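Welcome! Let's get to know this structure through a few friendly questions and answers.

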Amino acid sequence: MIQAETLELLEWPRLCQHLATFAATKLGVAAALDLAIPATQAQTAELLAQTQETYQLESRAGGALSFEGIQDIGTSLQRAELQGLLSGEELLAIATTLAGARQLRRIIDSQADVPTLKELAAQLRTYPELEQEIHRCIDDRAQVADRATPKLAGIRVQMRQLRDRIYQILQGILQRQSNAVQEQLITQRSGRFVIPVKAPQKDAIPGIVHDSSASGATLYVEPHSTVNLNNQMRQLLRQEQAEEEAVRRALTEQVAAVKPDLDRLVVVVTTLDLAAAKARYSFWLQANPPKFIELGEPELAPKNPEKEDEEKEEKEDEENSENSQLLIRNLRSQITLRQLRHPLLVWQQQHEQGFPVVPVDLTIGPHIRVVAITGPNTGGKTVTLKTLGLAALMAKAGMFVAAREPVELPWFDNILADIGDEQSLQQSLSTFSGHIRRISRILEVLGNKSQPQGEENSNLSIPNTSATSDSLSTNTLSTSSPGPILRLRTSTELSTSSEQVPHVPCPMPHAPCPIPKSLVLLDEVGAGTDPSEGSALAIALLQYLAQHSLLTVATTHFGELKALKYQDSRFENASVEFDDNSMQPTYRLLWGIPGRSNALTIAKRLGLLASIVEEAQTYVGGASQDVNQVIAGLEAQRRKQETKAREATQLLHQTEKLHREVSQKAAALQERERELKIAQEVAVNEAIGSAKSEIAQIIRRLQSGNQTAQNAQQATETLNQISEKHLPSRQQPAKPKPSFMPKVGDRIRIPSLGQTAEVLSGPDANEELSVRFGIMKMTVKLGEIESLDGQKPETKAQLAKAAAQAQALATAKAKQAAAEPAKPNPEIAIRTANNSIDLRGARVSDAEIEIDRALSKAVEYGVLWIIHGKGTGQLRRGVHEFLANHPQVSRFELASQKEGGGGVTVVYLK
């Protein structure tokens, strides 16, 4: 089966071995070693979701899945179903597995954003009652415990008592006959207690001899006095064994009753362990999750340029040429695998001290169907094929791909490869025939997937497009081949799969409508035979695969294959780079240009005689040398472009970094400006509030006193002071201090002359400086110049005058302050509902509580009005006595007549 051969050629089993090292249980190891490839994209999507969610849990602190206690209980479950008897070890393994599965479900249920894992964990039935029953009956040594049944406990009590009696008797014999025994030891032979006796003195201790030492010097004797007791011990032992079997039988039956659920538990736990192994392997590999590219809408394949020329020359073949176009479906976007690494080489580098892994970049356009890789031998062409094949298999199996994000590739129905030499003497296969046999099996698989019925026996030539429209109407997909490891889809799957194109007639009446979804990897296509025939066969094969597979990647040394790109837009060239300076391959993949084989250079590097290489060089044709020179020039030009691209990328990164820094600083400045505005608003609001409070106090003072002209004048002056204090329009801005001082080289203006001059020397002790304007030089006074923006310099006379004025102003203020007497600040209070309390009709005890509460609320007002009424005066006296002793009260007095007189008390707070 070619699919199984492909797995061997791509070394898939070896990758599975590496994956198995990351599994936590034997179940996971077995599943990883036998990792199956899903048959549908829906299965792949589910596996990939499991891997991604487990990867998220592994990346979180304390969120990693724990498989502690989980064991492989599959064999035990099968024996329980067949009414076998499980041992204590097997029962204990089942109990610990149930506990481990419960802990696993608890971890998953406690995490968020893991719907796929939660759906799996919901299928776990852990039967805590069965686990508890097993732990009750089976101890940590996997033995049936005394607490299992009362009968078993009684039997073991009798056995311990009987054993003590036997030991007591034998100890007495050992002490009495110490000269006859070999050593002071009580042991067992055939389940009976015996003592070692010296062979010459066996008659000293009469009894039954059960065994002897290898030398014959020691006999193991059971004294007659313990024979009956040993017989009783054997009977109790058989009873104990029977009871233990009964206990294990009951537990086995309980296990058998829930076997389907336990089988499902084993499957779910294995699935979770396999997902965790994939996640850990991906983390170690520094891999990224793949994204599958879907097929786009059907479109016509491009015409062959040669056929276009034929159409121009032969107009009668125009219709046949139009009908030769095929309806195909290209990918919606390009295949992107940047910095792709071979996982086995990474493992070899990390664990086996291998060479550093050189990554390759694979970016294949959506319309490309065939990629021809050329270049020198030992340059990495075959490794590139295997790397791509393993990447496709890993993505299909729900694993991450060892490439840089984004990882975008199609989901391939089949991954088929012809890599290596299948030469076999036993099967009479040459190199060429071995390749052809394997390629034939590949084409057979592709034919079963895409050939119309009646055309299964296709050869390697370009498919005939002149079939009748009647045969097209019965065009169906064949599914007659059995399902291999990479199994093909069945007819049911094909009818329900969303990835397949519905069966519709082609718009071209003579064109088959294949649905290619396969990846084909061919190494040294057409090799092993005559070069001209091999290249012709390779061209025909690749053109056939361009129509019947989604992507074909082939390595070759044939120059004719390099030209296919310029004849058919579905073909692309790639080459492995060769360093002309070191004369060694760099293993880098270059796209768009063909490569040079460099066979003579590599032969010389590998040790072939230089004379032979030089002789071979003379036989190389001039045309071939010219082509190699052109290719070398293209490679050099590409290297220069790559260098410039790297430099441009670095410059772009630096620019982006600078832009981010500038944006951050701008954002910080904006935030600072916003904070300053908020602070200014708060300050303005506080000033407004303070001004309002002061104005209210003035109004209350005018309202409470006698309105005289003097009071009105004082209120007006106070309002003016408040305005000067809080209104910015009333505040005189401070005049900027003249701080201009000319220096040598400054440009200044001389207003008296209307000229702009340059300072040649600074001002001296006489405040004179030298200036020049035009060709004239002159000396001017410091007071005669100004800066270009109109600032006057500070002269000594100005400084002295300012100091004298400040001194005079300070002296005048001091005299005025000393002459004016200090005015007392009258206490101004206004009565509101918030600082008044009505106690009329209340008792003294209740009034004290209300007063205390009101005093605590009236602290911000500084005064409290208590309305107690006149009446008998008892409530007033009680209120005054309470206020006299209250710590918050500064003083209190009866209110004025207009505020209530003797019925109201005004309290002033501290």
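Q: Where is the place of A142, and is A142 buried or exposed?
A: In this predicted model, A142 sits in the loop between α8 (128–137) and α9 (150–176). Its phi is positive, about 65°, although A142 is not a glycine. Burial means under 20% relative accessible area. A142 has 12% relative accessibility, so A142 counts as buried.

Q: Which backbone nitrogen does the side chain of T6 reach?
A: T6 is part of helix α1, and at 0% relative accessibility it counts as buried. Although T6 and N414 are 408 residues apart in sequence, their C-alpha atoms are 9.9 Å apart in space. Setting aside neighbours within four places in sequence, T6 is in contact with I415, L416 and A417. At 3.1 Å, its side chain reaches the backbone nitrogen of A417.

Q: Which residues of helix α2 are buried?
A: Helix α2 covers residues 12–20. The cover over its buried residues includes α1 (2–9), α3 (26–33), α11 (259–285), α14 (343–351) and α15 (381–396). The buried residues themselves are W12, L15, C16, H18, L19 and A20.

Q: Which residues touch the most other members of the largest nonpolar core, and which element gives the most to that core?
A: The largest nonpolar core has 66 residues, and W12, V371 and M399 touch the most other members. The element that gives the most to this core, with eight residues, is α15.

Q: What does W12 touch, not counting residues up to four places away in sequence?
A: In soluble globular proteins, nonpolar side chains tend to be buried together. W12 is among the buried residues of helix α2. Not counting residues up to four places away in sequence, W12 touches L7, L35, I37, L390, L393, M394, A397 and M399.

Q: How many residues of strand β10 are buried?
A: Strand β10 runs over residues 370–374. On one side V370, A372 and T374 are buried, and on the other V371 and I373 are buried, so both faces are covered. The number of buried residues in β10 is five of five.

Q: In β14, what is the bridge partner of A372?
A: Strands of a sheet pair through backbone hydrogen bonds, either parallel or antiparallel. Strand β14 (residues 551–555) and β10 pair in the parallel sense over four bridges. Within β14, the bridge partner of A372 is A554.

Q: Which are the edge strands of the open sheet of five strands?
A: The order in this sheet is β20-β19-β18-β17-β21, with antiparallel pairing. Strand β17 (residues 747–750) pairs with β21 over two bridges in the antiparallel sense, and I748 stands opposite S787 in β21. Two strands pair on one side only, and these edge strands are β20 (776–781) and β21 (786–787).

Q: Why does the aromatic pair of Y55 and F400 count as tilted?
A: Seven aromatic pairs turn up in a search of the whole structure. Y55 lies in helix α4 (residues 41–59) and F400 in the loop between α15 and β11 (404–410), so this pair ties together parts that are 345 residues apart in sequence. Y55 is partly exposed at 23% relative accessible area, whereas F400 is buried at 3%. The ring centres are 5.3 Å apart and the planes are at 45°, so the pair is tilted.

Q: Which residue joins E405 through a cis peptide bond?
A: The omega of this bond is about -5°.

Technical notes: Residues are numbered from 1 along each chain as its sequence is written. This is a predicted model: local features need pLDDT of at least 70, side-chain atom pairs count only at pLDDT 80 or more; totals for chains, interfaces and linings use all residues. Side-chain values use heavy atoms; hydrogens and water are left out. Buried means under 20% relative accessible area, exposed over 50%, partly exposed in between (1.4 Å probe, protein chains only). Contact means heavy atoms within 4.5 Å. A nonpolar core is a set of buried Ala, Val, Leu, Ile, Met, Phe, Trp, Tyr and Cys residues joined through side-chain atoms within 4.5 Å. A polar contact is a pair of N or O atoms within 3.5 Å; within protein, one must be able to donate a hydrogen and the other to accept it, and residues adjacent in sequence count only if both atoms are side-chain atoms. Rings of Phe, Tyr and Trp (its six-membered ring) pair if their centres lie within 6.5 Å; planes under 30 degrees apart count as stacked, over 60 as edge-to-face and the rest as tilted. Two strands pair if DSSP finds at least two bridges between them.
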